[in-house]
Structures are given as structure tokens and as C-alpha cells.
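Dear colleague,

I am handing over a structure that you have not worked with before. Please look at it first, and then read the notes that follow.

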Amino acid sequence: MAGGWKNDLSWADVTPEADFWDRRKFMTAAAGLGVAAAMPRMAQAQALKPNSWKDITSYNNFYEFGTGKGDPAAYAHQLTTSPWSVEIDGLVENPGTYSLADVLDGMEIEDRIYRLRCVETWSMVVPWNGFELRDLLKKVGVKPGAKYVSFETLLRPEEMPGQKGKVLDWPYREGLRLDEAMHPLTLMATGIYGRDLPNQNGAPLRLVVPWKYGFKSIKSIVKISLTRRQPRTSWNDYNPRAFGFYSNVNPEVAAFTNQSSERPIGGGVFAKRIPTLKFNGYGDQVASLYQGMDLSKFY
Amino acid sequence: MQKINGFVRRLPAWPIYIVSVAWFGWLFWQALSGAMGPDPVNALELALGTLALQLMVALLAISPARKYLGLNLIKFRRALGLAVFFFVAMHLGVWMILDVQFLGQVLNDLVKRPFITIGMASFVLMVPLALTSNNLSIRRLGPQAWNKLHKLTYAVVILGAAHNVLIQKTWETEPLVYLGIIAALLVMRIKWRPFMATA
């Protein structure tokens with residue numbers, strides 16, 4: 001079902017979601033204390049806004065084009081994204097190779113302003129356009145027994161120069177538990193700021209899971225499989241201690257590095273670090289998925 | 001080579017100090033002006049660290065250049081060494097003040113992230129070298145003790161190059177190339193005893 005999650009933000013009120021909840025809490029408290037006390041905090045929250053098109057499209061991790069932050073923007077223009085097809089297989093009712101148009105058929109493209117938190121401890125706010133992954137999964141029909149969804153990025157070294165090196169075990173692979181994949185926050189993005197997704201951001205189709213570290217949100221997807229067992233994923237294969245399968249944003253678990261704070265991109269040389277929120281601020285929506293799990297063990 | 005050495009002898013070393021400080025100023029201005037992209041803090045760290053590493057390579061090449069090429073650049077060694085120290089100090093400063101920002105977090109990183117520990121060790125070992133890079137110290141310590149102390153340079157450069165390799169999320173070629181070059185320049189210094197003669 002499209003529209004399973006509504007931006008609590010309009011385009012005129014572009015505060016990141018997490019700060020919105022902070023503000024809501026604050027306003028509830030302020031109702032008892034007098035509204036004036038809430039004013040400075042509100043002003044501060046409203047000053048936050050999505051990163052510029054330039055920030056979002058020039059500062060990327062997409063190792064298929066090189067490990068430098070500017071490499072994807074410099075080299076991704078070589079990538080051919082049309083024609084594009086996505087192979088959907090495994091435990092599905094209608095497996096097959098779908099053209100991009102077939103994938104998009106019947107999907108409702110929505111605006112979703114999400115916070116993006118990288119495991120390297122920087123963050124952005126991105127105004128995505130896309131559809132809910134669960135709508136696609138319902139379209140192809142998930143068979144009983146499926147517990148996980150795995151994804152693969154295109155493997156095409158002649159257009160993706162980073163794949164000529166052995167930095168990661170190509171093609172890039174990621175995965176989600178089925179309930180994570182079916183969550184209304186989980187998006188298949190096709191655009192940013194109402195424009196087509198640039199190649200360096202994972203054109204023409206990428207995953208966005210806003211409560212997980214950015215590397216989970218796999219780019220330029222050519223394959224989706226429904227599986228019974230937990231799929232292998234690229235970063236987890238590379239260094240299982242640093243990069244867990246779940247990789248939920250968690251300030252309390254020092255995965256890869258200390259994750260307690262983040263540096264917002266776009267604030268310049270003197271940008272202040274801000275505290276990182278559990279589940280990247282989406283705890284109200286997703287914490288229930290992990291009830292009873294020891295998140296310091298399953299990180 | 002005689003001619004080149006004669007020419008080099010007439011060149012002063014002091015412009016290296018001025019150029020180093022101006023270079024840092026220029027990099028910082030680039031970061032402020034947006035020329036370094038959306039994440040100027042990270043870009044500045046990278047630029048300063050890389051520059052320090054490149055100057056380390058230049059510094060280490062001076063002795064072999066004299067030994068194997070007869071090119072005498074010894075007079076620039078002190079200024080280059082102090083330039084390395086300066087850029088590493090600025091690299092460290094940017095990391096602590098602009099990147100990590102909290103002292104508690106800095107200390108935590110020093111303990112928990114080996115590549116930070118290694119980088120810091122490299123810097124700490126550089127301090128006595130920088131403090132004794134003057135004629136007075138050579139006289140006070142005596143040339144032999146001074147030379148012995150300054151052998152610490154070898155530990156500094158190896159730790160610095162290792163820090164650069166380990167700080168990457170994956171094994172990358174470029175940092176390994178730097179490490180290889182530095183290792184090669186150190187190996188060239190070893191005085192091999194002829195095996196035949198000792199046998």
C-alpha cells in the first residue's frame with residue numbers, strides 16, 4: 001500500500017524528521033510551561049533543511065566508481081541506465097526479468113524527506129522520490145517461507161571502473177529481513193528533488209532504508225531475490241566485526257567506529273557535530289521490529 | 001652533478017618555511033570558500049595528511065640521493081622535517097578541533113581505534129625531533145647523540161604511512177604504494193655487510 005508513511009514535513013517545513021519529533025515533544029511540554037519557552041528551540045529546528053542538490057550529488061560513496069567521495073560524480077556518467085531490467089527470483093509467485101517500466105507499473109511515486117546517516121559518521125537530509133518496496137513485493141507475490149530479501153547491484157566493469165579493482169567482492173550485495181523490507185519506510189528511490197536519480201546516487205533504481213547506515217541502501221539494483229536464509233552482504237563479508245548484517249543506526253554500539261555523534265554535511269568548516277539518534281530518529285516507527293533482540297549483538 | 005650541487009648550495013632553505021605556512025593558509029581558505037566540496041573538514045584532513053606523507057618521502061629521499069646520485073640536498077633537510085611536523089600538527093588539529101570536536105571522544109578514539117593510536121604515536125615521536133631541529137640542540141646534545149635521537153624519524157615515517165593505510169575502510173592501492181616507497185627508502189639505508197667477507 002502506497003502512502004504507508006506520510007512525511008510529517010511539507011516542502012515549506014523542511015526540518016528533518018527526528019528533529020520534528022523532538023519539537024513535538026518539546027511543544028507538548030511547552031503547552032504546560034507557556035509557549036514562549038518553546039520558541040528558540042522551534043526556530044533552531046526549522047533552520048535545518050535538506051541538503052542542496054549539489055551536496056547530495058557530489059558527495060557519494062559508490063565504490064563501483066572509486067573510493068573517493070568525488071569519484072562517483074566524476075565517473076558515473078559512463079553508466080548506461082537505459083535499457084534497464086531487474087531480475088526478481090527466489091520465493092516469488094511471478095519470477096522473471098522485469099523491465100524498469102514493468103517494475104514501475106502500478107507503483108505510486110511519493111516524496112520522502114529522509115535523514116541519511118553514513119557509517120563514516122556524517123549525515124545528510126535527502127528529499128527522495130520513490131515507491132514503497134512492499135508494493136513491488138506484493139506485485140510479484142511473496143511465497144510463504146520467504147524470510148529475507150537480497151539485492152544486487154549491476155556488475156559492469158567497463159562502465160564501472162571501480163569494479164576493475166578488488167576493493168569489494170563484486171557485485172555489491174545487500175539484504176533485509178522480510179519484515180524490514182515490508183516496512184512502509186523502506187523505499188525504492190527513483191529520484192531526488194523531483195528529478196531523475198543521478199547515476200552517482202544509484203540510478204535508475206535504489207533502495208533507501210533510513211534507519212540503517214547508508215551502505216545498506218544499495219544502488220543501481222539489477223536483482224532482487226526472496227530467500228529463506230539470511231543472504232550474504234558485501235560489507236558484512238568484508239569485515240563482519242565492523243559491519244553487521246542489520247547495521248541499524250545505533251549511537252550505543254561502536255560498529256566500525258564510535259557512532260555516538262555525526263557531522264552534518266553542508267555546514268562548512270565549523271559545522272557542529274550533533275548527537276546520533278537510535279534508528280536514526282525513526283525508532284517510533286521501527287523499534288518494534290527488533291523487540292527482544294540484543295542490538296549490541298545483532299548490530 | 002658538481003654544477004647542480006653548486007647551484008643548490010646557493011639556494012636558501014628558509015623559503016620552505018614561508019611556503020609551508022602559506023600553503024596551509026591556502027588550503028584552509030579553499031576549505032572555507034567551498035572549493036573543497038560539501039565536506040571540507042574531511043577534505044582538509046586528507047589534504048594535510050597526504051601532503052605530510054609526500055614531504056616525508058621527499059625527506060627520506062635526500063640521503064639516498066646523495067649516496068646513489070651524488071646530489072647534495074642535505075641543507076634542506078631541517079626545513080623539510082619541520083614542514084612535515086607543521087603539516088602533521090595541523091592535520092591533527094583539524095581532526096581534533098573541527099572533526100571530532102569533543103576531547104572525551106578524541107581520547108576514546110586514541111584508545112579504541114588502532115590507526116588513530118598509530119597516527120598519534122607518529123606525531124608524539126616527532127615532537128622531540130622538531131624541538132631539537134636547531135643548531136643549539138646539536139651542540140648541547142653532541143652530534144652523535146643528536147644523530148641517534150633523529151633515527152626516530154624512521155619510526156615516525158613508518159607509523160605515518162601505516163596510519164594512512166589503516167585509516168581507509170578497505171585496502172586501497174595508493175596508501176600501500178606510499179608505504180612501499182617509504183619502506184624502500186628505508187631499506188636503501190641499511191649498510192649490508194658483505195657476506196663473503198665475514199664468512
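In which loop of chain A is A:P204 found? A:P204 is found in the loop between β8 (195–196) and β9 (206–208) of chain A, where helices (H or I, at least four residues) and strands (E, at least two) are DSSP runs, numbered from the N terminus. The peptide bond that joins A:A203 and A:P204 is cis, and its omega is about -5°.

Before going further, please note that this is a predicted model, in which local features need pLDDT of at least 70 and side-chain atom pairs count only at pLDDT 80 or more, while totals for chains, interfaces and linings use all residues. Residues are numbered from 1 along each chain as its sequence is written, and chains are lettered from A and ligands numbered from 1 in the order in which they are written.

The bond from A:W170 to A:P171 is cis, with omega near -5°, and A:P171 lies in the loop between β5 (148–153) and β6 (173–177) of chain A. A:Y193, although not a glycine, has a positive phi of about 55°, and A:Y193 is found in the loop between β7 (187–192) and β8 of chain A.

As for how the chains meet, 20 residues of chain A are in contact with 16 residues of chain B, two residues being in contact if their C-beta atoms, placed from the backbone, lie within 7 Å. The side of chain A that touches chain B has nine nonpolar, seven polar and four charged residues; here Ala, Val, Leu, Ile, Met, Phe, Trp, Tyr, Cys and Pro count as nonpolar, Asp, Glu, Lys and Arg as charged, and the others, Gly among them, as polar.

Chain B has eleven helices and zero strands, and its C-alpha atoms fill a box of roughly 55 × 45 × 35 Å, taken along the principal axes.

α3(B) has 30 residues and reaches 41 Å from its first C-alpha to its last, close to the 44 Å expected at 1.5 Å a residue, the expected span being 1.5 Å times one less than the number of residues. At B:S63, α3(B) bends by about 30°, and a proline, B:P64, follows within four residues; the bend at a residue is the angle between axes fitted to the seven residues ending there and the seven starting there. Just after α3(B), B:G70 takes a positive phi of about 75°.

Axes are lines fitted to C-alpha atoms, for helices over the stretch in contact, and angles run from 0 to 180 degrees between N-to-C directions.

On to the next helix, α4 (residues 77–100) of chain B has 24 residues and reaches 33 Å from its first C-alpha to its last, close to the 34 Å expected at 1.5 Å a residue. The axes of α3(B) and α4(B) come within 9 Å and cross at roughly 160°, and the two helices are therefore roughly antiparallel to each other. The residues of their contact divide into 19 nonpolar, three polar and three charged. Just after α4(B), B:Q101 takes a positive phi of about 75°.

Further along chain B, the axes of helix α6 (residues 114–131) and helix α9 (residues 152–166) come within 8 Å and cross at roughly 155°, which makes α6(B) roughly antiparallel to α9(B). Among the residues that make this contact are B:F115 and B:L125 of α6(B) and B:V156 and B:L159 of α9(B). By class, the contact of α6(B) with α9(B) has 13 nonpolar, five polar and no charged residues.

Notes. Parallel < 35°, antiparallel > 145°, perpendicular 65-115°, else oblique.
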